[in-house]
Amino acid sequence: MGIMNYFKSVPTMTAEEVRQALAEKHPGEYNLVDVRQPKEYERDHIPGAKLIPLAELKERLAEIDPQKPTIMY
Amino acid sequence: MLLSSGMQNVYNMEGGIRAWQGFVAHGPPEAGMAYFSPAANIEEIVGLAWSLEEGSKSFYQGVVNHFAEDKEAQEMFGWLVSAENNHEKHLLETYEALTGVRPDLDKLRDKFRDSVSGAVMEGGVQVKEALAWMEGKGVSESLEMAMAMEVNAFDLYIKMSRMTEDSQARQIFEKLSEEEQLHLEKLADLLESRS
């Protein structure tokens, strides 16, 4: 782990690309994580999204299967 | 943070939920899970799902009766009634494929009479309340409401398919979520054709 990791940014997907990916895949084939707050999740969320608020992400990494692609919003 | 923990294939969705153009669900993470305990056996799951579908069917039939003068509404909501019948049929077929037997619907009806018994529709709303709400509303609003209920059911079934440990139960939930997805796409088409 070195200095280059500081410059790594998370790749992005457009909402349309995500929508297509979700439509094509089985729910068990990906992780979909909503990193907002509970109230925001309650108001609106993508069906099937798991709520892990950003502040809790570090402690709850085990809930995200590293073998599968992960989409966050 | 996810990348530094060694995870591969992590993507951020540009624009967040505001950019999202698809179906949107509402409610807290555990919404609907009171009905479906992860430990329920598949007969119970089928019974509950079937009961919710009966509820949705009553709601749609109520809407058909309400918009008696509107031919298009009759067609749309009539289609929704028959879609629920198909869901139920597929649900029972999936159960039979997994277990080799048909579920005993009379037994299930008795078992769930106190808790659900078709008085609640998919999305978790009481059918009576949904019909009362619909009284002053138009066809498009009723379609939107139907969609909101169906999306919440979709959301629930996806989550349950991931949570459940039993592989047969998972297959039932996957079947349910696939049916909901098709149903939602059709509802979205109906809404668009109406606008």
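A salt bridge here is a side-chain nitrogen of Lys or Arg within 4 Å of a carboxyl oxygen of Asp or Glu. By that rule, the side chains of B:Asp155 and B:Lys159 meet in a salt bridge, 3.2 Å from N to O. The model is predicted: local features need pLDDT of at least 70, side-chain atom pairs count only at pLDDT 80 or more, and totals for chains, interfaces and linings use all residues. Residues are numbered from 1 along each chain as its sequence is written, and side-chain values use heavy atoms, with hydrogens and water left out.

**Interface of chains A and B**
- The contact (heavy atoms within 4.5 Å) takes 37 residues from chain A and 36 residues from chain B.
- The buried area is about 3,400 Å², with 67% from carbon and sulfur atoms; this is the accessible area (1.4 Å probe) that two parts lose on being put together, summed over both.
- In chain A, A:Pro27, A:His45 and A:Pro47 lose the most area to chain B, together 16% of what that side buries.
- Between the two chains there are 0 salt bridges.

- An open sheet of 5 strands runs in the order β1(A)-β1(B)-β4(A)-β2(A)-β3(A), with parallel pairing.
- Strands are DSSP runs (E, at least two residues), as are helices (H or I, at least four), numbered from the N terminus; two strands pair if DSSP finds at least two bridges between them.
- The edge strands are β1 and β3 (50-51) of chain A, each pairing on one side only.
- β1(A) pairs with β1 (residues 10-13) of chain B over 2 bridges.
- A:Met13 stands opposite B:Met13 in β1(B).
- The bridge partner of A:Val33 in β3(A) is A:Lys50.

**Salt bridges**
- The whole structure has 11 salt bridges over all chains.
- A:Glu63 and A:Lys50 meet at 3.3 Å, N to O.
- This pair links distant parts of the chain: A:Glu63 is in the loop between β3 and β4 of chain A, and A:Lys50 is in strand β3, 13 residues apart.
- A:Lys50, A:Glu56, A:Arg60 and A:Glu63 are linked in a network of salt bridges.
- B:Asp155 and B:Lys159 both lie in helix α5 (residues 139-163) of chain B, 4 residues apart, about one turn of the helix.
- B:Asp155 is buried at 4% relative accessibility, and B:Lys159 is buried at 10%.
- Buried means under 20% relative accessible area, exposed over 50%, partly exposed in between (1.4 Å probe, protein chains only).
- B:Glu54 forms a salt bridge with B:Lys57, the closest N and O atoms being 3.1 Å apart.
- B:Glu54 is partly exposed at 23%, whereas B:Lys57 counts as buried at 18%.

Methods:
Chains are lettered from A and ligands numbered from 1 in the order in which they are written.
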